[in-house]
Structures are given as C-alpha cells and as structure tokens.
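User: I'm new to this one. Can you walk me through its side-chain contacts?

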Amino acid sequence: MRLCRGDGSNVEEVRCLVDKGNLIPHGVAISHTFARRMGLKIVPGPYKVGTASKGQKIQAIGVVRNVVFGVGSKMCPMQEVLVLEGLSHRVNLGLNFLIQNKISLNYGQKPSLVMQGEEVEVICQLDEPSTV
C-alpha cells in the first residue's frame with residue numbers, strides 16, 4: 001500500500017497489518033515514530049484505545065488529518081488516523097477501514113485485499129518485524 005499526505009506529497013510504500021480485531025472508530029492506526037518520520041502534523045487529543053490483552057496498554061498520542069491510502073490503483077482518503085505509541089507495525093488497518101472502503105479479504109490460494117474488483121496481494125508472514 002501507499003500512504004501520502006492529502007495534498008499528494010510525501011508518498012511512501014508501506015506494509016500494513018490488516019487487523020479485523022481493530023475496532024477503533026478511525027479505522028486506521030499508525031505508529032508515532034512513522035507519523036513523525038512522514039512529517040505528519042499530530043493533533044493531540046484525549047483518545048482511549050483498548051487491546052485484546054487485559055494487561056497491555058497502548059498510548060494514543062493524537063490524530064493526523066487528511067491522509068490518503070493507496071490500495072492498488074484505488075485511493076482511500078482518510079479524514080483522521082489515530083497515532084499510537086508502541087504500535088508494533090507502521091500501519092494497522094482495522095475493520096472499520098475495510099468496511100468504509102468496501103474492501104474484502106480473499107482467503108484463497110493467494111490471499112489478497114479486494115477493492116472494486118482489483119486485488120492486492122496480502123503478505124501472510126513477515127520474516128522480520130516491521131521497522132516502526
């Protein structure tokens with residue numbers, strides 16, 4: 001996938017974690033480190049984030065506004081994306097993002113994201129952790 005500012009500048013190819021268990025209203029979370037590296041303006045705010053683990057906490061730093069995700073040749077503009085400290089990957093795509101953009105997961109021999117008939121390959125295993 002690609003991520004860029006709403007004005008089309010600072011485009012970066014990025015591997016995303018597709019997380020159907022991510023139920024945050026924003027639909028997408030990005031790491032604080034990645035947001036800073038991309039030069040995205042972070043708007044602080046009081047945001048709460050839950051995790052599947054009772055003992056784990058993750059800190060919401062704020063949101064970035066007006067970013068665009070490219071899925072294949074399709075563009076998915078986002079008004080707000082949540083910025084989290086300690087996120088294990090650069091970008092976490094949640095269920096709400098998939099629903100809002102009418103993206104489905106194809107679990108066939110070649111797993112893929114499907115959006116408006118276009119398929120984008122899904123990486124099923126990373127050999128090393130993402131550089132956040």
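Side-chain contacts

Analyst: Glu80 and Arg65 form a salt bridge, with their closest N and O atoms 3.0 Å apart. A salt bridge here is a side-chain nitrogen of Lys or Arg within 4 Å of a carboxyl oxygen of Asp or Glu. This is a predicted model, where local features need pLDDT of at least 70, side-chain atom pairs count only at pLDDT 80 or more, and totals for chains, interfaces and linings use all residues. Residues are numbered from 1 along each chain as its sequence is written, and side-chain values use heavy atoms, leaving out hydrogens and water.

User: How many salt bridges does the count come to?

Analyst: Three. Another one joins Lys74 and Glu118, at 3.7 Å from N to O.

User: Where do Lys74 and Glu118 lie?

Analyst: Lys74 is in strand β7 and Glu118 in strand β11 (residues 118-121), so the pair ties together parts 44 residues apart in sequence. Strands (E, at least two residues) and helices (H or I, at least four) are DSSP runs, numbered from the N terminus.

User: Switching topic: what about aromatic pairs?

Analyst: The count comes to one aromatic pair. The ring centres of Phe69 and Phe97 are 5.8 Å apart and their planes are at 70°, so the pair is edge-to-face. Rings of Phe, Tyr and Trp (its six-membered ring) pair if their centres lie within 6.5 Å; planes under 30 degrees apart are stacked, over 60 edge-to-face, the rest tilted.

User: Is Phe69 buried or exposed?

Analyst: Phe69 is buried, at 0% relative accessible area. Buried means under 20%, exposed over 50%, and partly exposed in between (1.4 Å probe, protein chains only). Phe97 is buried at 1%.
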